[in-house]
Structures are given as C-alpha cells and as structure tokens.
Amino acid sequence: MKKLNQLILFVLVFTVFNCKNDKKTESVIEVEGPEETVKLPTKTIDILTRSMEFVMADTITSGWNTFKYDNRANETHFFRFVKMPEGITSENFKTESDPVFEEGMDLINEGKTEEGFAAFSKLPEWFSKCISTGGSGLIAPKSKTYTTLYLEPGLYSMECYVKMPNGKFHSTMGMVKQVYVSETDSGNVAPKATDTIDIREDGFHFNRHIPKGKHIFQVNVLSQKLHENFASTDVHLVKLEPHANRDTLESWMVWYDPKGFITPVPNGVEFLGGFNDAVQGSTGYFYANLKPGKYAFIAEVPNAKAKGLFKEFEVLD
C-alpha cells in the first residue's frame, strides 16, 4: 500500500500543469443558419493507422491544428499527445516506461493485483514531468475522426494504449511516435463550436438536447484530477445500441481491469471520437455527425457514472 501511495504522489504532478489556449478564436469552419450546418475543415494534419502504427509527419506547426485520424485497422484506437520534458524522447518511453506498464499489467492479468500496482513504482522519475495535451477519443475500426488541439512548441510522444486480445498494450506493439512541434505557428484559429462540454469537479456538464446532424463539440477542462487508474478525465463519444450493457461499458473503460480497454469492445458499443486527457485550463474540439439514437459521453475512469463522467443522451429524428 505504501508503494501505491508513493506512486499516486509521483504521478500527481500530471495534474498541476497548465497549457495556454487563450489564443485566437475566429472560426475557419462555416456554421450557417439556425440548424448550424457544419463543414469539415479542409486544412488538416492527417494521421493514418493500418494496424499498429501512426503514419503522419514527423514535424508539425504549433498553435491550433485539426487532426484527421483515419483508423483503417481492425481494432479500436485513439491518439494522445504527451509533451516530453527536456532531454526525453519517445525512445525513453519505449525502453523505460512501456516495459514497466507491461510488467504491471502482466501481473494484474495473473491475478496478482497488489504486485502489479507495486511494479508501477518503477516508472522513471521523468514520467511525472510529462504534460498531457489532448488527442482524439476512441474511434471504431474503419472510421475517421477530427480533433482540434492547441500545441505549444516542443517534442511530443504520441501513443495508443488500448490492449490487444492477449492483453498487450498497443503502445508496446508500435503505437508510439515522436512528433516535433515547431516554433512556426500554424496561423489557424479555433473553430466555432455548436455544443459545449464542461469538465467540472462533479462531472460532465452539457446541453442534453442535441439534434441530429453535424456538430463541433468544444471541451473545456475547467477542473482536472488524477483518478484511481492514474488517468485524468477525458471525453469519449459512444453510440449505444439497444442491447448495449452499460455496466460492461463502464468496467471496460478502466485499463487496469484485465477485461478493460481490450479488443473487442463491448457488444452494442461504437466509439466515435472525443477529446483525450489534457491539463486543467485546456480547451479542445472534436467533430461528430450524429444520427438518431442513444449516445453517451464517458471518461476513461473507474466508477464513471458515480463521478458524473458517464452521461447518456438521445438524438431524436
């Protein structure tokens, strides 16, 4: 228990950083008329996954950028940017942190939960100095998602840590990429949102009267915290079929659960993107085209419903 408490304090640094998103706010996306017809941006940074890789430019501009993520793989994926501290590269992730997570997860899968969490105390000291800066939510196979982020100049690691059917993290199978964000500003501006999701201490806050059609969701991280699974609050948009089991989905969102964050996703569930974790004060955007049906916003945290981080809504015809 002592080691677990030490690890929580060690990783807690993740939540104290702030990023600067108080930049230009004009729109480069057209929003017209009372029904707010949304057009997808034509200027994007493209990311492609065919199996267990990220194919994209090694260097991108700083500031506001919209990322078009084309997941052509047979598994659900996401992308997440982490700003690395000085002197650290993605190679450090591959050789120093990924093996620790793999060791801990292997022990948990063997039923040795306490030993598994103790193993995480082996994480390198620099790990707590990384800054989560957002990314996409989970996106279903053979699907695309658009996410708009603000990135400061620097060196970033990009990753996906969904698990394969054998329990291995995608990051250990090659889904880690180093990206340099240059001093050159993109010149882009933040889009005009059609809907707003606020992350507060008591969960998600949004207008549940969401019409069918195209949307730009603005996510405001007004409050951020570290949860029991060492993850901070993010937002994933999921479509729920009539036979979807909500309890199974809630459990699946916890990566350290042997049955969590693993292929296949629960029956009746389709992930449609979202906004990955970022520090308090951050703002990000994601696009969605909603058809009539039942949906939910859910975070990658234990007991999401009790925390106000698993909220359903219905899109009417």
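Between which two strands is the loop in which Lys142 lies?

Modeller: Lys142 lies in the loop between β6 (131–135) and β7, where strands (E, at least two residues) and helices (H or I, at least four residues) are DSSP runs numbered from the N terminus. Please keep in mind that this is a predicted model, in which local features need pLDDT of at least 70 and side-chain atom pairs count only at pLDDT 80 or more, while totals for chains, interfaces and linings use all residues. Residues are numbered from 1 along each chain as its sequence is written, and side-chain values use heavy atoms, with hydrogens and water left out.

Most residues other than glycine have a negative phi. Lys142, although it is not a glycine, has a positive phi of about 60°, and at 56% relative accessibility Lys142 counts as exposed (over 50% relative accessible area, whereas buried means under 20% and partly exposed lies in between, with a 1.4 Å probe and protein chains only).

Strand β7 itself covers residues 143–151, and because eight of its nine residues are buried, β7 is largely enclosed by the rest of the structure. Two strands pair if DSSP finds at least two bridges between them, and β7 pairs with strand β4 (residues 59–71) in the antiparallel sense over nine bridges, with Asn65 standing opposite Leu149 in β7. β7 also pairs in the antiparallel sense with strand β15 (residues 283–290), here over two bridges, and Thr148 stands opposite Tyr285 in β15.

From β4 the pairing can be followed to strand β9 (residues 176–185), which β4 meets in the parallel sense over three bridges; there Thr59 stands opposite Tyr180 in β9. Strand β9 is in turn joined by six bridges to strand β8 (residues 154–159), the two running antiparallel, and Met158 stands opposite Lys177 in β9.

Phe261 is found in the loop between α4 and β14, and Phe261 is buried, with a relative accessible area of 0%. Pro264 is placed in the loop between α4 (246–252) and β14 (269–275), and the peptide bond from Thr263 to Pro264 is cis, with omega near 5°, whereas most peptide bonds are trans.
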